[in-house]
Each structure stands twice: as C-alpha cells, then as structure tokens.
Amino acid sequence: MNTVLDTVVIGGGAMGSAAAWALSRRGRQVTLVEQFGPGHKIGASHGATRNLNPGYHRPEYVAMLAEGLALWDELEQESGKQLLARTGIVNHGPGGDLRRVSDALTAAGIRAEFLDPAEAHERWRGIRFDQQVLHMPDGGQLNPEAALPAFQRLASARGAEIRHHTKLVDFEVFDDGVRLTLESAAGTEVVTAAQAVVTAGGWTEKLLEMASGRVSGKDGAAIRIPRLRVTQEQPAHFRVADAGAVWPGFNHYPGPDYRGWYSPVYGMQTPGEGIKAGWHGVGPVVDPDHRDFRPEPTQLAALQDYARQWLPGVDPDDLEAISCTYTTTPDEDFILDRMGPVVIGAGFSGHGFKFTPVVGRILADLATGTRPAPSIFRASR
Ligand SMILES: Cc1cc2nc3c(=O)[nH]c(=O)nc-3n(C[C@H](O)[C@H](O)[C@H](O)COP(=O)(O)OP(=O)(O)OC[C@H]3O[C@@H](n4cnc5c(N)ncnc54)[C@H](O)[C@@H]3O)c2cc1C
C-alpha cells in the first residue's frame, strides 16, 4: 500500500521532536517516525538533565543561545511544563577562553560575571576552584524527559502524527520527493512524501547510505556530509555527600599541564540521582546498533579521581555510570542543510541539546525554504 504524506521526520530524539514542533507551527502536515518507544535510552536524548551552558563566543552560537533562551521560555508557557532549571552555570580552569566568552555574552545581553575562587567556593562549596570563575546566571539544566514529550504533544495538537516503534528501512530520493519503506508491528509500509527531515543521531550515516535515487538532480548520487564519529559516552552520577551544598552546572577546562585528564569535564545536579560529571567526546567509537552500554573502566576511574580532587561535595566511590551516544563532526559544528527534498540535522557533537528549539526552527526554515542555515552548518563546508 502506498500512502502519500507531506513531511516525514525520521528520528524522534530531541532534534526530530523539535523539527516536528516547528513545522507543525507553520501548518505543515508532519509524520514523525521513531524506531524505539517514548523515553528510550538507546540514543542521545534520554535522562533528566542537560546543561544549558552559555559558554560560547562564536557569533552564530551566541545568536542561537539568545534565541534559544526565548524559545525555551515560550515552550514552557505553551506546554505548561518547567523545562529549564535556572541554576546558573560556572566555567573555570585555564582553558575555556573565558574572557572572550564573557565579552561575547555581555555584548548579546546574556549575563556573565567573573568571581574569584574563594567567592565562588563560598557560594558553591561542593566544587573546588583554583582559578577565576565565569558565572553565567542565565544558564541551567534542561530536562529531556519533559522536553521531548512536550515537543511531540504540541506537534500532535497541531495535527502531527507521532509514530513510535516505526523504523525506516529503505529510502529513495527523487527530484520532487522521497519514497520511504517503514517497518512496524503492523508490517511493512511504503510511503511517498514531499520531504524528509533526517534527524537520526548516531544512525545518520547508515540512513544516508541507504538513500538511493536522484540527489540534487543526478541519478545515483549520494547525499554527502562530513564524516560522523559515533562514540559511547559514559558520564556518571555521584552520590551527594554534602546535602547543604548548592549546585550550579559546571564546566572545567584543563590546562596543558593537567595530568590524567581526558578532556574538559562537564557536570550538573540531577535531582534525585546525584551530581553528574563526565568527560566530553572521548568515549569508544561504536556502531549504534551494536553497543555494550558498559563504561570503559580506565576512564571511569579517572573520572572518580577527578571527583576526589575537584568535587568535595560528592562521594567519589558511590556512583552510577550512564551510557549515551555522541555523534561528532570533524569541526564539532552541527550539520543543518538541505539537498533537494531531504533536510538534514546531524552531528550535534555532544553540545546540541541547549539549542534544540532553535535547531527545530532552522530545520523548518530549510524545509519551507524560508532562509538558509548559517554557513558554518553547511554540509559542503
Ligand atoms: C552523555 C551526554 C551528555 C550531554 N550533555 C549535554 C549538555 O549538557 N548540554 C547540551 O547542550 N547537550 C548535551 N548533550 C548532547 C545532546 O544530548 C545531543 O546533541 C542531542 O540529544 C542529540 O539529539 P538527536 O535528536 O540528534 O539524537 P538522538 O536523540 O539520538 O535521536 C535520533 C533518533 O533517531 C532514531 N532513529 C535512528 N534511525 C532510525 C530509523 N531508521 N528509523 C526510525 N528512527 C530512527 C533513533 O532511535 C533516535 O531516537 C549530551 C549528550 C550526551 C550523550
């Protein structure tokens, strides 16, 4: 049976859910297909916390931060749910370009102030500081477990169809549309659609390799994007040892002489679960369909050492590891682009969640031809 649809969004993680929300607000008839069930823990958008860390200085990201803060507010009003806990964010350490960040944020009207280590420790005694600290009060923690259902609920209230347990297994591209083969408990179905929005996270390359037919007017041409590296990341929740401590989100940037560090460390409090801390983008490269979900022990031990030295407010020996995927581009900038009837949102490189509603807006712009994405996100860069 061949069903004719308008726009099919492939992947119901953060970015696909936001694309469905943004497109449905523009009156597009959207069908979102997701291979797993609601709230699954197999991709990159599960769990109760993500940092909205304003620590950027490049103009494209700073503009997206400002727009994002307004859109998260709007989403909270529209959904009636609190999605952002405004705890503030503190960035510290010899790395991190804090001065440039502070200047860029201040120029954009996003608050940023420097504190000396003693003052910072007095306010947040669960964290040890030895350098100047950049405090950004407009940052905080976003809650994916509330945000994804909110996007999907608002989209379906505007007519979008949300189909979980529905997997795309074949993908043909034509000048004027796409033909998709979907598998679900109901069987196999072939649908045609005017457009497809591919927001498939760690599965993006597999999906685009499936895409055959005419791309950009050429038969058999492939959809080319920068290489994506899919890694299994393993932050951990540490048990709170100091119940009275107040926790902002935090990012700690090492200097060249810092021993035993894999990368900068990010962290935040997840209510009821503890203090999350993690290395950034250094997990083992994996095939998203063949993961072991087990933490790499050496990195985990190093993370405990980090907590022992820099997080006096936690018990470094009482922790629970988390497993999650990053999909990283060579320059860590996102891919937001369109090729004929196919719109792509991929390569969020471990820092995409804070920008989710803005990514939704950009993907909807690309799908409706309203305006192009900033050039740093072009696939052909
Ligand atoms: C440990 C960790 C910590 C992070 N911390 C932060 C943070 O503090 N701040 C921040 O801003 N960002 C953070 N991020 C990044 C952020 O979570 C991601 O950028 C974001 O969630 C990516 O969303 P996505 O929709 O691209 O991917 P995903 O959530 O993986 O969604 C892709 C979806 O596509 C579906 N799919 C794939 N193939 C098919 C198919 N064939 N058919 C149907 N469905 C399919 C998958 O099942 C999946 O649900 C973190 C990420 C991780 C892993």
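# Briefing: helices, strands and salt bridges

At 48% relative accessibility, Arg-99 counts as partly exposed. The model behind this value is predicted. A search of the whole structure finds 27 salt bridges. The points below cover some of them, then helix packing, a strand hairpin and a few loop residues.

**Salt bridges**

- A network of salt bridges with shared partners joins Arg-26, Glu-67, Arg-361, Asp-365 and Arg-371.
- Arg-25 forms a salt bridge with Glu-74, and the closest N and O atoms are 2.8 Å apart.
- Arg-25 belongs to helix 1 (residues 14-25) and Glu-74 to helix 2, so this pair ties together parts that are 49 residues apart in sequence.
- Arg-25 is partly exposed, with a relative accessible area of 34%.
- Glu-74 is partly exposed too, with a value of 31%.
- Arg-25 also meets Glu-78 in a salt bridge, at 2.8 Å from N to O.
- Glu-78 lies in helix 2 and Arg-25 in helix 1, so here the linked parts are 53 residues apart in sequence.
- Glu-78 is partly exposed, with a relative accessible area of 29%.

**Helix 2 against helix 8**

- Two packed helices are described by the angle between their axes and the distance between the axes.
- The axes of helix 2 (residues 59-79) and helix 8 (residues 356-368) come within 7 Å and cross at roughly 100°.
- Angles from 65 to 115 degrees count as roughly perpendicular, and helix 2 and helix 8 are therefore roughly perpendicular to each other.
- On the helix 2 side, the contact is made by Met-64, Glu-67, Gly-68, Leu-71, Trp-72 and Leu-75.
- On the helix 8 side, the contact is made by Thr-356, Pro-357, Val-358, Val-359, Arg-361 and Ile-362.
- By class, this contact of helix 2 with helix 8 has eight nonpolar, two polar and two charged residues.

**Helix 3**

- Helix 3 spans residues 98-107, and Leu-98, Val-101, Ser-102, Ala-104 and Leu-105 in it are buried.
- Gly-109 follows helix 3 and has a positive phi, near 80°.

- Strand 18 covers residues 265-270, and five of its six residues are buried, so strand 18 is largely enclosed by the rest of the structure.
- Strand 17 (residues 249-252) runs antiparallel to strand 18, and three bridges join them.
- Phe-250 has Gly-267 of strand 18 as its bridge partner.
- Strand 19 (residues 274-279) also pairs with strand 18 in the antiparallel sense, over six bridges.
- Met-268 has Lys-276 of strand 19 as its bridge partner.
- Strand 18 and strand 19 form a hairpin with three residues between them.
- Gly-272 sits in the turn of this hairpin, with a positive phi of about 85°.

**Loop residues**

- Ala-211 sits in the loop between helix 6 (204-210) and strand 13 (212-215).
- Ala-211 is buried, with a relative accessible area of 7%.
- Apart from neighbours within four places in sequence, Ala-211 is in contact with Phe-171, Val-173 and Ile-223.
- Leu-180 is 31 residues from Ala-211 in sequence, and their C-alpha atoms are 9.5 Å apart in space.
- Phe-293 lies in the loop between strand 19 and helix 7 (297-310).
- Phe-293 is not a glycine, yet its phi is positive, about 55°.
- Phe-293 is partly exposed, at a relative accessible area of 38%.
- Ser-349 is found in the loop between strand 23 (342-346) and helix 8.
- Ser-349 is another residue other than glycine with a positive phi, near 50°.
- Ser-349 counts as buried, at 1% relative accessibility.

Methods
Residues are numbered from 1 along each chain as its sequence is written. This is a predicted model: local features need pLDDT of at least 70, side-chain atom pairs count only at pLDDT 80 or more; totals for chains, interfaces and linings use all residues. Side-chain values use heavy atoms; hydrogens and water are left out. Helices (H or I, at least four residues) and strands (E, at least two) are DSSP runs, numbered from the N terminus. Buried means under 20% relative accessible area, exposed over 50%, partly exposed in between (1.4 Å probe, protein chains only). Contact means heavy atoms within 4.5 Å. Axes are lines fitted to C-alpha atoms, for helices over the stretch in contact, and angles run from 0 to 180 degrees between N-to-C directions. Angles under 35 degrees count as roughly parallel, over 145 as roughly antiparallel, 65 to 115 as roughly perpendicular and the rest as oblique. Ala, Val, Leu, Ile, Met, Phe, Trp, Tyr, Cys and Pro count as nonpolar, Asp, Glu, Lys and Arg as charged, and the others, Gly among them, as polar. Two strands pair if DSSP finds at least two bridges between them. A salt bridge is a side-chain nitrogen of Lys or Arg within 4 Å of a carboxyl oxygen of Asp or Glu.
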